Amino acid sequence: MTVSLTAVLILVVIAGVCGAVGGALGGASGGVLTSVALGFVGALAGSVVAEYLRLPEPLVIDVDGRPFPIVWSIVGALAAVAVGYIWRGGYLRWRYR
């Protein structure tokens with residue numbers, strides 16, 4: 001199954017918006033590429049966790065026959081920001097000032 005260039009561009013824009021929202025909720029600062037990466041990683045991680053926990057997908061956008069989970073993308077991006085923050089020791093620096 002092939003994907004058209006238009007569909008890829010639409011998916012990149014949607015992932016960028018979801019990643020920007022998730023990153024903003026988590027307090028991350030980054031550019032466009034960071035937002036797109038957060039959106040795609042969030043969609044992947046959020047969908048895997050939601051499927052494992054048997055949670056429904058409340059908002060899905062279908063682009064060229066491919067579903068993109070909006071809510072799980074935002075939740076996954078937020079989780080990725082939180083894990084990155086904890087991994088860098090940000091929580092410990094904030095906690096023990």
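Reader: Before we start, what should I know about the model and its numbering?

Author: It is a predicted model, where local features need pLDDT of at least 70, side-chain atom pairs count only at pLDDT 80 or more, and totals for chains, interfaces and linings use all residues. Residues are numbered from 1 along each chain as its sequence is written, and side-chain values use heavy atoms, with hydrogens and water left out.

Reader: How many helices and strands does the chain have, and how do they run?

Author: Helices (H or I, at least four residues) and strands (E, at least two) are DSSP runs, numbered from the N terminus. Here the chain has four helices and two strands, in the order α-α-β-β-α-α from the N terminus on.

Reader: What span should helix 2 have?

Author: The expected span of a helix is 1.5 Å times one less than its number of residues. With 21 residues, helix 2 should span 30 Å, and its end C-alpha atoms are 30 Å apart, which agrees.

Reader: Which residues of helix 2 are buried?

Author: Buried means under 20% relative accessible area, exposed over 50%, and partly exposed in between (1.4 Å probe, protein chains only). In helix 2 the buried residues are Ser 35, Val 36, Leu 38, Gly 39, Gly 42, Ala 43, Gly 46, Ser 47 and Ala 50. These residues cover an arc of only 155 degrees around the axis, so they sit on the same side of helix 2; the arc is taken from the directions from the helix axis to the C-beta atoms. Leu 33, Leu 44, Val 48 and Tyr 52 are exposed on the other side.

Reader: What do the buried residues of helix 2 pack against?

Author: Contact means heavy atoms within 4.5 Å. The buried residues of helix 2 pack against helix 1 (5–26), strand 2 (66–69) and helix 3.

Reader: Which helix gives the most to the lining of the largest pocket?

Author: Helix 3 (residues 70–87) gives the most, with six residues.
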